[in-house]
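Here's a quick rundown for anyone setting up work on this one. Take a look at the model first, then we'll go through the ligand site and the pockets.

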Amino acid sequence: MQPMLNIAVRAARSAGDLIVRSADNVGRLRINQKSKNDFASEIDQMAEREIINIIKAAYPEHGILAEESGEHKGNDFIWVIDPLDGTTNFLHGFPQYAVSIALMHKGKIEVGVVYDPLRDELFTAKRGGGAMLNSRRIRVTAQTGLMGALIGTGFPFKNPQHLDAYLGMFRALSADSAGIRRAGAAALDLAYVAAGRLDGFWEIGLHEWDMAAGILLIKEAGGVVTDFSFNDKYMGSGNVIAANPRMHQTMYQAIEPHVTAALK
Ligand code: IPD
Ligand code: CA
Ligand code: CA
């Protein structure tokens, strides 16, 4: 898998450079509103084209699932791409966004890369090979309880029907914790759990491209990821709880009473 990881890194860095070069010109970008509160700029599209060109040049027979252009049919290898995770931040000049690229084979995530181009932080993982930040090994924290924990999340702003359930979860988790962070780029939130910067993370309704790379990072950093039923069906539902094993248990117990039938 190392050659494929190398290609993912090359593609993520190249897209990240392109994003950073455009960051000063966001006022002049063409912005397309995909749905309520869901925007894509021409940079999202350019970055995605750049990533796909690099992958296709190396692996023309592989399939692709990319946020802006959707599914490109291929063999059993599927590259799952979010060219710019945190577009709303990017469009506001709020410096928290990343490129996320994962490679899946027959349902297993084999390679994951999350690249923060502003801090030049490269998070990488290979299945069975551990998780790294700029070539240094990373691990999830040893936190076990809510007291003193720093927890990341995302608000269900595209799924307001889940707001009440979400607020119940929020109340349960925030009561004792040291703080809750909503930074606005799920791929980076997950990478931060892997790197021990956050003790845990939960969100409702993510997409595969938001999660795939970050999930492998967390697993390879010693963490656990489940959906709200304690199963591994998160790629389908987009509902995620992620943390080290003991902290995951703590978070699951706080979240579970607020899980509605629609979120199971
Ligand atoms: C979004 C970000 C955000 C999360 C949203 C995602 P985008 O991705 O990851 O943190 O809360 O659900 O859609 O649209 O900026 O790629
Ligand atoms: Ca995203
Ligand atoms: Ca995106």
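Which residues are the closest to ligand 1, and how many surround it? In this predicted model, 15 residues surround ligand 1, and the closest are Asp85, Gly86, Thr87, Lys158 and Glu203.

**Ligand 1**

- The side chain of Asp85 puts an N or O atom 2.6 Å from an oxygen atom of ligand 1.
- Thr87 uses its backbone instead: an N or O atom there sits 2.9 Å from an oxygen atom of ligand 1.
- Ala186 also makes a backbone approach, with an N or O atom 2.9 Å from an oxygen atom of ligand 1.
- On its own, ligand 1 has 380 Å² of accessible area, and the protein covers 93% of that.

**Largest pocket**

- You'll find 35 residues in the lining, and those nearest the centre of the pocket are Phe157, Lys158, Arg182, Glu203 and Asp210.
- Strand 2 (38-41), strand 5 (77-85), helix 3 (87-92) and helix 6 (208-220) are the elements that give two or more residues to this lining.

**Second largest pocket**

- The lining residues include Met104, Gly107, Lys108, Ile109 and Arg127, along with Ile215, Leu216 and Lys219, plus Asp232, Tyr234 and Met235.
- At least two lining residues come from each of strand 7 (108-116), helix 6 and helix 7 (234-237).
- Which element gives the most to this lining? That's helix 6, with 3 residues.
- By class, the lining has 6 nonpolar, 1 polar and 4 charged residues.
- Domain 1 (2-137) and domain 2 (150-263) each supply at least three residues of this lining.

- Helix 6 gives residues to the lining of the largest pocket and to that of the second largest pocket.

Notes
Residues numbered from 1 in each chain as written. Chains lettered and ligands numbered in written order. Predicted model: local features only at pLDDT ≥ 70, side-chain atom pairs only at ≥ 80, totals over all residues. Heavy atoms only, no water. 1 Å grid on protein atoms, 1.4 Å probe; cavity = no way out; pocket = protein on both sides within 12 Å on 5 of 7 lines; lining within 4 Å. Helix = DSSP H or I, 4+ residues; strand = E, 2+ residues; numbered from the N terminus. Nonpolar A, V, L, I, M, F, W, Y, C, P; charged D, E, K, R; others polar. Domains from an automatic or database assignment. Near = heavy atom within 4 Å. Polar contact = N/O pair within 3.5 Å; in protein donor to acceptor, adjacent residues only side chain to side chain. Areas by Shrake-Rupley, 256 points an atom, 1.4 Å probe, with all protein chains shown as cover.
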